[in-house]
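Let's take a walk through this one together. Have the viewer open and follow along.

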Amino acid sequence: MSTNDALLEVRDLRAGYGASLVLDGLSLRMGAESVAVVGRNGMGKTTLCDTLVGFLPASGGEIRLAGRRVDGLAPEKVALAGIAYVPQGRRLFPSLTVDEHLAMMARRARGRRWTPDAVYELFPRLAERRHHGGADLSGGEQQMLAVGRALLLNAPLVVMDEPSEGLAPTIVDVLVDVVGQLVAEGVAVLVVEQNLRAAVRLANRQLVMVSGRIEAEFTGDELLDRPELQRRYLGVGSAPASAGVAAGSRHEEGERT
Amino acid sequence: MTPAPSRLAPLRRPPVWVATVVAVAVAAWVLFLADGTPAGAAVDDPGRFLVTVLDGITFAGLLFVAASGFTLIFGLMRTVNMAHGSLFLLAAYVAIRVQEAMVGRSRNLDPADVGVLDWLVPLLAGAGVAAVLGLLIQQVFLQWNEGQEMRQTLLTLAITVVLADQMLREFGGLAQRMVWPGGVTHFFSVLGERYAVTRIFMLAIAVLVGVLLWLWLNRTSVGMVIRAGVDDRQMVRGLGINIRRVFALTFLVGSFLAGVGGVLGASFAGAAPGTDGNWLLNALVVVIIGGLGSLKGAAAGSLLYGTVVAFSPAYLPAQYSYYAIIMTFGLLALVLAVRPNGLFGRPA
């Protein structure tokens with residue numbers, strides 16, 4: 001893949017809080033596919049997401065979306081340039097109902113692939129609860145709303161930070177289906193996950209993040225069968241997934257710290 | 001999570017008990033025992049009681065108009081706009097000048113000469129000037145200091161001082177009055193008491209403002225964005241929404257409302273140097289009672305504050321009615337003891 005046909009290209013990215021550098025020369029590139037970034041707590045995964053979407057300014061390096069520099073842009077400019085964000089903890093608006101979350105974005109979405117109606121079609125559960133407040137939803141419904149809200153940007157890239165966090169296995173299944181559908185429609189999805197099993201199911205490529213850089217890359221579910229690699233990259237806090245556990249396991253606790 | 005019941009739990013309850021006991025005692029006093037007060041006990045003099053209630057509610061209308069813009073700006077922008085009172089007074093002065101020009105006479109206007117338009121056009125002119133000046137303040141001084149609450153507060157405070165001096169120079173130090181349109185300056189009778197239609201008119205305008213504001217915040221996408229921005233500004237930006245433009249619009253509307261309040265206030269009680277500070281304080285008390293950033297809170301806070309302001313001089317024993325102002329702060333202390341974030345406030 002040459003520079004020009006990478007959808008997202010991150011080169012030597014540095015960012016942090018005050019004097020402490022959390023991202024220390026991170027590089028990655030991806031096309032219209034799903035990619036997972038895995039790693040232990042405190043390795044800078046959320047910092048990576050926040051920097052990609054412009055919430056946190058980069059102090060060095062560059063971020064290109066379809067060849068265009070997006071680092072240094074304000075968050076709203078990054079979003080309009082084509083990066084939609086599903087943040088950790090969902091960050092819904094407690095003052096707004098489900099319907100209002102989508103309605104406030106509806107005007108720009110008109111006539112595009114993802115409209116509020118299309119989101120309700122994707123998540124019928126949300127349609128049933130359209131007049132409920134954002135804070136009254138179950139964890140799974142909140143995640144659906146956070147994803148639906150991001151989809152209304154109709155962006156070519158969706159960044160999701162810990163989407164499986166705190167979700168029931170059946171909801172993770174829904175999430176896996178949705179990500180698969182998005183990729184099939186040509187939308188790229190970058191998932192940051194601490195949960196290795198969820199990461200393997202959400203994305204075919206997994207990048208391992210250690211101390212603010214990408215240290216290794218795996219495909220398919222090879223990482224699940226390699227306890228020694230898990231120990232090395234994901235740390236002692238992660239109980240090794242035993243060799244017998246398949247990628248599609250419903251057992252969730254595994255590598256959470 | 002339910003906290004385990006502890007021996008501390010009963011100790012946390014006193015504010016609620018105190019509030020209940022105080023409320024019951026006050027109600028009993030007002031209804032049955034308040035002989036020897038300017039109004040008299042409600043059972044003996046229901047007319048005076050009703051007048052006091054109406055005074056409270058209509059004054060609450062004025063409070064609401066002044067406080068709603070303040071709470072709107074604070075809720076979204078976390079800016080305590082200390083210039084709110086100045087915009088209030090400036091709009092009042094501008095409206096008075098425009099009204100004098102329209103009627104063609106200065107001082108001692110006769111309400112009979114003032115048509116509805118001679119009141120409405122000055123209202124819009126005054127509020128418009130306040131809106132534009134508010135927007136200017138936001139664009140020139142505040143948007144560079146986003147998230148710096150202390151700087152914003154000090155900047156707007158400085159603007160207040162400058163504006164107060166300039167207004168004194170331009171409009172003089174004498175109290176001036178906006179004249180209600182002749183159509184509403186008469187009285188009606190209720191339970192044997194005469195009551196001014198102008199106060200009801202003022203309340204009607206406040207209700208209209210409240211309804212329009214509610215529709216704007218709840219039925220339009222801009223309103224949804226504003227409410228979302230109160231919750232999580234950064235996330236709103238992350239959805240591709242230019243929150244700067246929303247800030248500017250909010251400041252424009254909030255300042256316009258300060259102006260409407262100023263013109264109503266000038267018609268109701270006149271305008272003079274010092275009115276700006278008083279109304280900044282009124283708006284502050286209302287939104288602190290109601291909860292900063294909540295429209296519902298502004299309405300509830302106005303009603304409570306208005307009621308206390310009307311009732312305490314009327315129902316304190318005559319020789320103590322001088323202390324009525326203390327009741328206002330008693331209300332503030334009581335509300336904050338029970339609900340530290342105000343009635344409808346959320347922790348910041």
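**The sheet and its surroundings**

Keep in mind that this is a predicted model. Start in chain A with an open sheet of six strands, whose pairing is mixed and whose order reads S6-S7-S8-S3-S9-S10. Which strands stand at the edges? They are S6 (83–86) and S10 (213–219) of chain A, and each has a single partner strand, so one side of each is left without a neighbour in the sheet. If you look from strand to strand, neighbours in this sheet are turned by 20° against each other on average, ignoring direction.

S6(A) and strand S7 (residues 157–161) of chain A run parallel, joined by four bridges. To find your place there, look for Ile83(A), which stands opposite Leu157(A) in S7(A).

S7(A) also turns up in the next piece of the picture. Helix H8 (residues 169–184) of chain A lies across S7 as well as strands S3 (34–38) and S8 (188–193) of chain A. Relative to S8(A), helix H8 runs at about 150°.

Finally, move over to where the two chains meet. Here, 22 residues of chain A are in contact with 16 residues of chain B. On the chain A side, the elements giving two or more residues are helices H2 (75–81), H3 (98–103) and H4 (106–109). H2(A) provides the largest share, with four residues. And what kinds of residues make up that side of chain A? They divide into 16 nonpolar, five charged and one polar.

Methods: Residues are numbered from 1 along each chain as its sequence is written. Chains are lettered from A and ligands numbered from 1 in the order in which they are written. This is a predicted model: local features need pLDDT of at least 70, side-chain atom pairs count only at pLDDT 80 or more; totals for chains, interfaces and linings use all residues. Two residues are in contact if their C-beta atoms, placed from the backbone, lie within 7 Å. Ala, Val, Leu, Ile, Met, Phe, Trp, Tyr, Cys and Pro count as nonpolar, Asp, Glu, Lys and Arg as charged, and the others, Gly among them, as polar. Two strands pair if DSSP finds at least two bridges between them. Axes are lines fitted to C-alpha atoms, for helices over the stretch in contact, and angles run from 0 to 180 degrees between N-to-C directions.
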